[in-house]
Amino acid sequence: MNAMTPPRVTQRPLPIVIVGHVDHGKSTLVGRLLNDTGSLPEGKVEAVREMSRRRGMPFEWSFVMDALQAERDQGITIDTTQVRFETPTRPYVIIDAPGHKEFLKNMVTGAASADGALLLIDVTEGALEQSRRHAYLLHLLGVRQVAVVINKMDMCGFSEARYHEVTEGILGYLAEIGVTPSAVVPISARHGNNIVERCRHMDWYSGPTVVEALDAFHQPKSLTDRPLRLPVQDVYKLDERRIVAGRIESGHLKVGDTLVFLPGGRSAKIATIESWNEPEQRTRAVAGQSVGITLDQPIFVERGHIAAHPPKKPVETHTVRAHLFWLGHEPLRVGNAYTLKLATAEHDVTVQAIERVIDVEDLSGHTGDQVERNGVGEVVLHSRSAMVVDDFTEIARTGRAVLVDGYDVVGGCIIQQPHSDEMPARNLIASSHTVTPEERTWTNGHLGGILWFTGLSGSGKSTLAMALERELFRKGIQVYALDGDGVRQGLNFDLGFSPDDRSENIRRVAQVARLFAEAGMIVVTALISPTRADRAIARKIGGAFFHEIFIDADLEVCEGRDAKGLYKKARAGLIPEFTGISAPYEAPLTAELVLPAGREAVETCLADLASYVEAKLIRPARTGNRAQSA
Amino acid sequence: MDQLSALEDQSIYIFREAFNRIDKLAMLWSIGKDSNVMLWLARKAFFGHVPFPVVHVDTKHKIPEMIEFRDRMAREWKLDLIVGENSEALSEGMGPGRGRITCCTALKTEGLKAVIAQQGYTAVIAGIRRDEDGTRAKERVFSPRGLNSEWDFRDQPPEFWDQFKTSFPPGTSLRIHPILHWTELDVWKYIKRENIPTVDLYFSKNGKRYRSLGCAPCTAPAESTASTVDEIIAELERTKTSERSGRAQDKVSEDAFERLRAGGYM
């Protein structure tokens, strides 16, 4: 080792992002920043000048940034690049986020890791839709340190009045989304005015230059004094040790601490903090460190669990409300299923509701049933498995998640004030069940219910029941179709078709359906159930769960279809007491829903059914109505 | 936490993600300083073990000291070393005389593709860094390659909040870059801090040293008097010339390196 080397403190470069509309001059600003701070490699500017000359193009500072052939050909910066420069204060990494609308995913990729941002606006154009979208995303991603840079001041004769006009517009917008910029710097990137050197044409401006504005940004606060969150990445069995590996996302831990692992809530004490090739055994670790710990108890721990200190646990829940930005080619829709990746956990989630679709232009929110590519909104997501989350503003690392569709990351979620599933009403429930109907509703995201289809043979009961089962299942709903024929082969194999047997058949099916409904499921029964009296018994058994749905197709239509050839046999006298032919069918007088299955296509009836279920069994579960017990 | 520790922790996180999420994983080992640092980081991540094979693509044009170093370290660190090559091209006498880009593509890119195919790796870990070159700056940490290893830099997956792309259609291969966020200077400072073994070629002899190691015919040493790690660190803190300036294949044309990479080069 050379004793002459002075001890150096290596400073962490501050990652910054430069965002704004595609043509407002980001690459020029970056090229200029690099040059004016003396950060370009030797010969780079000359090489780019030479390249421009060969191509017969006037030299542009942005060419310095355009490392890729494809960029120059296309004329736009296509991806996030990372370039470094240094001021006397500290080193920086610039993430040159592209402005083209199609490339929002790259902007997010860049801005998500930035600690500060420059929002660049062309003074001749003011803040355009894209400038606003970027500002909104900065806010959403949690980038709180923002300076606005008003570019191309040379194009408006360095006009103070024009500067104030543009400034007012953008400040108003930023105030509405809760962003207070640290400075609004008028510059000309092309000429290097107010980047490092002050501009003599703008002596009316006394605020900071771009570099001074950057140097005024703060390094982010350490997360070490926040509550402990250690998402488990893996568990290794090495040399007789069982090492729980993960990165401390916030807080700190030490040997002897009691940790609780969620979901589940198992706890154990930290026996050791493991490491390799370190001078001494660690006894303490802090936020940002990738650690391995061993526990004093052999409790079950797996990837996806989050360890915390017992009094300051994250929230365990099946439903979260989130701000969302959407990058998917296909819109996000209610009922769609995605994989949610939060820290190291993965959950299958369905979109339960889209509460607001936000217009970033004027910040108005409206209801909608989809969020388009590059759009933002507020959604409710429901997971089959228990999610362990924090409020984004409290602990960002465990308060954000991405959504994956198939193989692709398609969106980001900022979790808002999550609530635990556990309901206070729990203790008031009869002792026979430890799980209350309310809890089932919370977990499932819908009420239990019985959809009792009635109608003639061939009216379409089974077809619709099975189609509805598939449709609801796709939306993540606990659903099961009880088909009349199927039940008769098992549960009711001992019953025939005499009036008494038919009644008993219906009574038993109603009892089974009731159990399904109490278990929190939506059960669809498809039995002819021809008499009003029998259906009244079923209604009594089903109580508040019961919904009578008349699959209305008249005899002529059903006989015309005769898919099972039953009418033909019945006409030939081969089937005794066949409903509609040799036994009566009593159409319901009090059905909750009548589907004109004789006239309308299956798909139309299915849509009516789906919206009925939505209105009666799904939406009430989200607005706080409880499952009613009869 | 100081900068080197922060870099180390992030790299360990990436290694552990790769090991957990990817079934058939291997690490590329060029014998250069970067991949030695990577090996070191892997041992940190897995408490002294390297739990996947280490692949060296041998072009048979490597500087002899590199091969000697490789075999010594592989024994000492108990590595599962796999040496791959494009034997067909080699038997036909491929060399830089046929054109530097042609040679690089045949012996390195095709050699790598061949070993990936033979061993059936889903993903290979590579020690590239964003600060090396404009094209590498655009890389993702988990970077998918098409069926033929090609890189579509125009349409890369979004990558944020350390949520890496870990699911792919069958046939995709993956490059994983655990030291993408490091700089050349970081690498040397870490080598110093951890006392990581390094090939002698990096240290100045007779006023010249290698800044970047590749094949003998296409890698030239640079003017330098830096003969210790400390002196290299001091030199890098002053220099403004780029690290790959000694690599002849990059200079064949303005976008040579970009084209090499789009075709599947590291």
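At what angle do helix 2 of chain B and helix 7 of chain B pack, and how far apart are their axes? The angle is about 50°, and the axes are 10 Å apart. Helix 2 of chain B is therefore oblique to helix 7 of chain B. The model is predicted, and the predictor assigns the complex an ipTM of 0.91 together with a pTM of 0.74.

**Chain B overall**

- The average pLDDT of chain B is 85, and 88% of the residues score at least 70.
- Where pLDDT is low, the predicted coordinates should not be read in detail.
- Nine helices and eight strands are present in chain B.
- Of the 266 residues in chain B, 50% are buried.
- Among the contacts in chain B with a separation of 6 or more, 76% are between residues 24 or more positions apart.

**Helix 7 of chain B and its partners**

- The buried residues of helix 7 of chain B are E184(B), D186(B), V187(B), W188(B), K189(B), Y190(B) and I191(B).
- These buried residues pack against three helices of chain B, namely helix 1 (3-21), helix 2 (33-45) and helix 8 (229-238).
- The crossing of helix 2 of chain B with helix 7 of chain B is left-handed. Helix 2 of chain B contributes K33(B), D34(B), V37(B) and W40(B) to this contact, and helix 7 of chain B contributes V187(B), Y190(B), I191(B) and E194(B).
- Helix 7 of chain B packs with helix 8 of chain B at an angle of about 160°, and their axes are 10 Å apart. An angle over 145 degrees counts as roughly antiparallel, so helix 7 of chain B is roughly antiparallel to helix 8 of chain B.
- The crossing of helix 7 of chain B and helix 8 of chain B is left-handed.
- On the helix 7 side of that pair, the residues in contact are E184(B), L185(B), W188(B), K189(B), I191(B) and K192(B); on the helix 8 side they are V229(B), D230(B), I232(B), I233(B), L236(B) and E237(B).

- Chain A comprises domain 1 (14-215), domain 2 (230-312), domain 3 (317-416) and domain 4 (437-622).
- Taken over C-alpha atoms, the centres of domain 1 of chain A and domain 2 of chain A are separated by 42 Å.
- Helix 12 (residues 499-518) of chain A and helix 13 (residues 532-542) of chain A cross at roughly 20°, with axes that come within 9 Å. Helix 12 of chain A is therefore roughly parallel to helix 13 of chain A.
- This crossing of helix 12 of chain A and helix 13 of chain A is right-handed.
- The residues that helix 12 of chain A brings to the contact include R502(A), I506(A), A510(A) and R514(A), and those from helix 13 of chain A include D534(A), I537(A), A538(A) and I541(A).

- V184(A) lies in strand 6 (residues 184-186) of chain A.
- Because 23 other C-beta atoms lie within 10 Å, V184(A) is buried.
- Beyond its neighbours within four places in sequence, V184(A) contacts V148(A), I150(A) and T167(A).
- The C-alpha atoms of V184(A) and L119(A) are 9.3 Å apart, with the two residues separated by 65 residues in sequence.

**Backbone features in loops**

- Most residues other than glycine have a negative phi, and most peptide bonds are trans.
- The peptide bond between L262(A) and P263(A) is cis, with omega about 0°. P263(A) is located in the loop between strand 10 (258-262) and strand 11 (266-274) of chain A.
- Q417(A), which is not a glycine, has a positive phi of about 30°. Q417(A) belongs to the loop between strand 23 (408-416) and helix 9 (437-444) of chain A.
- With 13 other C-beta atoms within 10 Å, Q417(A) is partly exposed.
- N206(B), also a residue other than glycine, has a positive phi near 55°. N206(B) occupies the loop between helix 7 (184-194) and strand 7 (208-209) of chain B.
- N206(B) counts as exposed because it has 7 C-beta neighbours inside 10 Å.

Note on methods: Residues numbered from 1 in each chain as written. Chains lettered and ligands numbered in written order. Predicted model: local features only at pLDDT ≥ 70, side-chain atom pairs only at ≥ 80, totals over all residues. pLDDT = per-residue confidence, 0-100. Helix = DSSP H or I, 4+ residues; strand = E, 2+ residues; numbered from the N terminus. Buried ≥ 20, exposed ≤ 12 C-beta atoms within 10 Å, placed from the backbone. Contact = placed C-beta atoms within 7 Å. Domains from an automatic or database assignment. Axes fitted to C-alpha atoms, helices over the stretch in contact; angles between N-to-C directions. Parallel < 35°, antiparallel > 145°, perpendicular 65-115°, else oblique. Left-handed = near helix turned anticlockwise from the far one by under 90°.
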